[in-house]
Amino acid sequence: MASYQVGDSLPELRVTPDAGLPRRYAEASGDMNPIHIDEEFAKSVGLPGCILHGLYSMAQVARAHTEAAGDPLALKRLAVQFRGMGFPEQEIRVTATVKAVEGDRVVTATEAAQGDNRIIRNGEAEFTA
Amino acid sequence: MALNRDFIGRSYPAPEPYEVSRVKIREFAEAIGDLNPIYLDREAARAAGHPDVVAPPTFPIVFTLTGAGEALADPDFGLNYAMVVHGEQRFEYQRPIYAGDELRHTSTILEIRSVGRNEFVTVKTDVTTLDDELVCTTYNTIVERGGAA
């Protein structure tokens, strides 16, 4: 198992959701809020178009950590804020930096961005290494 | 219209346990694009020491998102669902979720606060086994845009 030090970066995760992704995620998660799947509805409530589910983007943040840890069950805690709107057909980049190590527990500061648009901010994850 | 603060502290136990299925875990893992074999393949999960396939970390949203939904849909609460976006989410894990688990969950309206023109509502959900073993706790903060105006 890799050992971590404060300041280390986890491997970056990059993924580009396709145009059909919000509907597939809506069906799999049960979150059928029309702002994710109905373009006209999204525009009618002042959004530029269908937006990604925050929890889809959060799943990518989780995956960056479970892949770094080598075991999905190593993840003990994950908290994020959704602050920018995410959109399909744009690459999501997940980054994480180790901010504390205590025994076998590693805590990271993590975020997800599409270009300069930071869609997940102030994320914090804890996993066992 | 501001949200009704009388709802703070109210708890809503799910009427029946949620039964975790292999099919649902697969559908969810495929939707998030995370194809770890222990989510998809029982043999791979068993080889890694698990009784059955494991749910990905954000899977509990499948059954906790609508926790307290009864309250959020109550006209007395005053929420305009069309203006709702997800603000914050936290998961704290105590025990893995496996296919075949039957899980109880109780949602509590923890906090309602105004930030600028928006209303923030935080719902805490405790997920347990039928034997009352704590599986995870989720904190879901939704934002009603313009709700505090």
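Helices (H or I, at least four residues) and strands (E, at least two) are DSSP runs, numbered from the N terminus. I noted that first, then read chain B along its sequence and got the pattern β-β-α-α-α-α-α-β-β-β-β.

**Ground rules**

I am working with a predicted model, where local features need pLDDT of at least 70, side-chain atom pairs count only at pLDDT 80 or more, and totals for chains, interfaces and linings use all residues. Residues are numbered from 1 along each chain as its sequence is written, chains are lettered from A and ligands numbered from 1 in the order in which they are written, and side-chain values use heavy atoms, with hydrogens and water left out.

**The two chains**

I counted five helices and six strands in chain B. Its C-alpha trace spans about 55 × 30 × 20 Å along the principal axes.

For chain A I found three helices and five strands, in the order β-α-α-α-β-β-β-β. The C-alpha atoms of chain A fill a box of roughly 50 × 30 × 20 Å along the principal axes.

**Where the chains meet**

I looked up contacts next (heavy atoms within 4.5 Å). Chain B puts 33 residues into the contact and chain A puts in 32 residues.

Then I took the buried area, meaning the accessible area (1.4 Å probe) that two parts lose on being put together, summed over both. Chains B and A bury about 2700 Å² between them, with 61% of it on carbon and sulfur atoms. Which three residues supply more than any others of the area that chain B buries against chain A? I found B:Ala31, B:Ile32 and B:Tyr93, which supply 18% of that area.

**A helix pair across the interface**

I followed helix α1 (residues 21–29) of chain A to helix α1 (residues 22–32) of chain B: their axes come within 9 Å and cross at roughly 155 degrees. Axes here are lines fitted to C-alpha atoms, for helices over the stretch in contact, and angles run from 0 to 180 degrees between N-to-C directions. The crossing angle makes α1(A) roughly antiparallel to α1(B); angles under 35 degrees count as roughly parallel, over 145 as roughly antiparallel, 65 to 115 as roughly perpendicular and the rest as oblique.

On the α1(A) side I listed A:Leu21, A:Arg24, A:Tyr25, A:Glu27, A:Ala28 and A:Ser29, which meet B:Lys24, B:Glu27, B:Phe28, B:Ala31 and B:Ile32 in α1(B).

**Salt bridges**

My rule was a side-chain nitrogen of Lys or Arg within 4 Å of a carboxyl oxygen of Asp or Glu. The structure holds 24 salt bridges over all chains. How many lie across the interface of chain B and chain A? The rule finds one there. I also noted that the side chains of B:Glu88 and A:Arg83 meet in a salt bridge at 3.3 Å, N to O.

Within chain A, the side chains of A:Arg77 and A:Glu126 meet in another salt bridge (2.8 Å, N to O). A:Arg77 lies in strand β2 (residues 75–82) and A:Glu126 in strand β5 (residues 117–128), so the pair ties together parts that are 49 residues apart in sequence.

**One residue up close**

I ended on A:Gln81, found in strand β2 of chain A. Leaving out residues up to four places away in sequence, A:Gln81 touches A:Ile119, A:Ile120, A:Arg121, A:Asn122, B:Gly87 and B:Glu88. A:Gln81 and A:Asn122 are 41 residues apart in sequence and 6.1 Å apart in space, C-alpha to C-alpha.
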